[in-house]
Structures are given as C-alpha cells and as structure tokens.
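Please look through the sequence and the model shown below.

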Amino acid sequence: MSQGPRSGLAAVSSALLAMSRHLEVRDVLKTIVASARDLLDAQYAALGVPDDHGGFAQFVVDGVSEDQWRAIGPLPRQHGILAAMLREAKVERLADVRKDPRFEGWPGAHPDMADFLGLPIKDGEEVIGALFLANKRCAKQEGSCGFTEDDEELLSILAQHAAIALTNARLYERSRELTIAEERSRLAHELHDAVSQKLFSLRLTAQAAAALVDRDPARAKGELHQVASLAAEAADELRAAVVELRPAALDEDGLIATLRTQTQVLDRAHTARVTFTSNGFRALPAAQEEALLRVAQEALHNALRHSGADRVDVSIGRRGCGAVLRVADDGSGFDPTAVRRAGRHLGLVSMRDRASGVGGTLTVESAPGKGTTIEMEVPGG
C-alpha cells in the first residue's frame, strides 16, 4: 500500500472506528471524506449522495475552504466522471481527469485537479454515493497517475465500510424521525388535555363572574382575577408545548448561542436570576446537541416552576472529547427517592432517556432545602 503518513493497518482501523462513532448522516459523510483524504494523502476529497433528479442530495468536500466552496456555487450535477461512476458502478483511476473525454469542465472558482481516483459506494446493488480523490501528494512523472493499485484497493475497503456506516446512519435517522413523530403525537394529546381543562375552567369562572357582577361586585372581581390566572396558565401550557414541538434552530445558531438566548429570555421573564456560562465547548454530533438542549430546557422548567429558586445557573463545558451540562438552582430541592416512590418524576425519566439515547449519562443531586443540581455528560464524536 502507499507509504503516505497515515498508511497501514493502524490508520485503516482508526478511520473505520471514526466512521462507526457517528450516527448522523452528515457527520458520517464528513468522516468518510476526511478519512479517505488522510489515508491516501490526497489534496482534495469529496463524496456525493445522489438524488432522484440528476443532482446530489448531499455533497461533502475536504481540502476546500469554506470561502472557496461558497464561490464554487451550486452543487454539481450528475455528469461527466461523476455520472460514469454512478451509472457504471466501477472504479475510475485517471492520470489527468481534465484529459478524459467525459470531462465537462468545472466552475471558475473550482480548484485545479489532475490525477484522480473515484469509486461508487454501494449498498448491495444500489449505488448510494460516489467517493473520489484528486491530486495525490507524491512525486510523479509527467502524465502519470499518483494513485496506485494499492490506493485503489485501500479506498475500496474504506468504501465498503462507508456503505455500512452510511446505511446505519440512515436507519438511525429514520428511527429517530419515527420517535419524534410518536413524541409529537404524545405532546398533542397532552396539550389537548391540559389546555382543554384550563379553558373549560376559564369559561365556567367567567360565567360565574358575569352572574355576580350586579349582585356581588366584590365576588365578581375575585372571579375575574381567577380568570386572568387561568388564562396565564393556559398560555404557559401552550408555550411549553411549542418549545417541545419546535426545537431551536441548532444548525443555524449552534448550541451555545441557543442556550445563551434562552437563558436570557428566562432571566427577563422570571424573578429568579438565570445565568449561563460556557467553557471550552466544541461542536458535537447533532443528536447530542439536541439532547443537551432538551435536558437543559426540562431542568430550567423544573427549577423555575417548582423549586422556588432565587437563582438558576446553567453551564456547559468540554470534558474529554465530549461535554458536560450543569443546571443548578438554590430552590427547595427534593428527595429523589421519595419522588420515584410517589410516581412523580419531574421529567427525570425523560431526561435520563434523552441522555442514554445519545450514549450519555445523567446525574441528579438534590435534598429538601438544599437545591438541585442536574448534570448531563455526553461522549462527543
């Protein structure tokens, strides 16, 4: 095999382990591309997942800067060498891709490429992607390809495992979509029950107030205060449901910005002081970031609605390759064992499920009069 800086069994094993650690399709694609480029010591690498309309549903590159990628423009279509790999499902190893009769050029901002190695990624007989490398970093004669038969064999091995990792990631995402759909259905039922009860009580109380206005204004005034309270509770139920049904745009803002914004809003909306700090945090797989956000929301809800806390502190920081979230309040606290025996969980079961669902752990420290600290740790990618 090629004697690049990452060649050999250890490098292959490292690449395969990296692929198996990720569950999100986008994360798997990025890992495959980076591993292929690193293993074969190429200047550029890319992986495209075809759609059903002659283009690519996803296209991931490595070796191209963000500015350069934006300047290149829209995702490529399935033409030229890319189309050949997808249609004929065979390896393409070329000394100079620009001289191949199927070459159809590229946008002005596209980097210049010469020697080329590409192959399809297959799940059984179905082509689910195209992986290709360009510009092997090695000494080569004019007009010769730097990529060797050994490189071709190594990339084929990587592609076989990439197919497994990509298929598993797709299955995971589909399973997650079903879980989300089930959760939305559950939330819809809970929302219907909770808000319907509040609105029914509100209507009865308003009717009582109307009947008392003339003969007992003082009692009518008390009933109207109750109407206002019930209306506020119904609004709280709706807001809580909206937060659950529509998660924050983590892809656009990132976890840190999302948590900071939410704690600032809660700090303004409640009498308790709500703070947020972050230390050394780095981006995590999407599923882990969403789980951290959900647990933070649930813990904040409990602290602000049930604990009577004067202060709630939210922090998140790096721990090893992963991260740890901490939500601590100085409220009334509780006995976790007593809560379990009484069948009241304060969302703890949901939080533990979210943590374990992404390979993480959740710990709860609390005692009557001692406040509560909830800590969630995730392993990272």
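A residue is called buried when its relative accessible area is under 20%, exposed when it is over 50%, and partly exposed in between, with a 1.4 Å probe and protein chains only. Helices (H or I, at least four residues) and strands (E, at least two) are DSSP runs numbered from the N terminus. This is a predicted model, in which local features need pLDDT of at least 70 and side-chain atom pairs count only at pLDDT 80 or more, while totals for chains, interfaces and linings use all residues. Residues are numbered from 1 along each chain as its sequence is written, and side-chain values use heavy atoms, with hydrogens and water left out.

In helix 10, the buried residues are Leu348, Met351, Arg354 and Ala355. Viewed down the helix axis, these residues fall within an arc of 125° (taken from the directions from the axis to the C-beta atoms), so they line one face of helix 10. An α-helix has 3.6 residues a turn, so residues three or four places apart point the same way. Just after helix 10, Gly359 adopts a positive phi of about 80°.

Strand 9 pairs with strand 10 (residues 372-378) in the antiparallel sense over 6 bridges, and Val364 stands opposite Ile374 in strand 10.

A nonpolar core is a set of buried Ala, Val, Leu, Ile, Met, Phe, Trp, Tyr and Cys residues joined through side-chain atoms within 4.5 Å. The largest such core has 36 residues, and those with the most contacts inside it are Leu292, Ile316, Leu325, Leu362, Ile374 and Met376. The elements that give two or more residues to this core include helix 10, strand 9 and strand 10, while helix 8 gives the most, with 10 residues. Apart from this core lies another of 29 residues, among them Val60, Leu119, Phe147 and Leu155.

The other open sheet has 5 strands in the order 2-1-5-4-3, with antiparallel pairing. Strand 2 (56-62) and strand 3 (92-94) stand at its edges, each with a single partner strand, so one side of each is left without a neighbour in the sheet. Strand 4 and strand 5 run antiparallel and are joined by 8 bridges, with Ile121 opposite Gly129 in strand 5.

Rings of Phe, Tyr and Trp (its six-membered ring) pair if their centres lie within 6.5 Å, and planes under 30 degrees apart count as stacked, over 60 as edge-to-face and the rest as tilted. By this rule the count comes to 5 aromatic pairs. Phe56 and Phe59 form an edge-to-face pair, at 5.3 Å centre to centre and 70° between the planes, and both residues are buried. The rings of Phe116 and Phe132 have centres 5.8 Å apart and planes at 25°, so this pair is stacked. Ring pairs link Phe56, Phe59, Trp69, Phe116 and Phe132 into a cluster.

Note on methods. Pairing = 2+ DSSP bridges.
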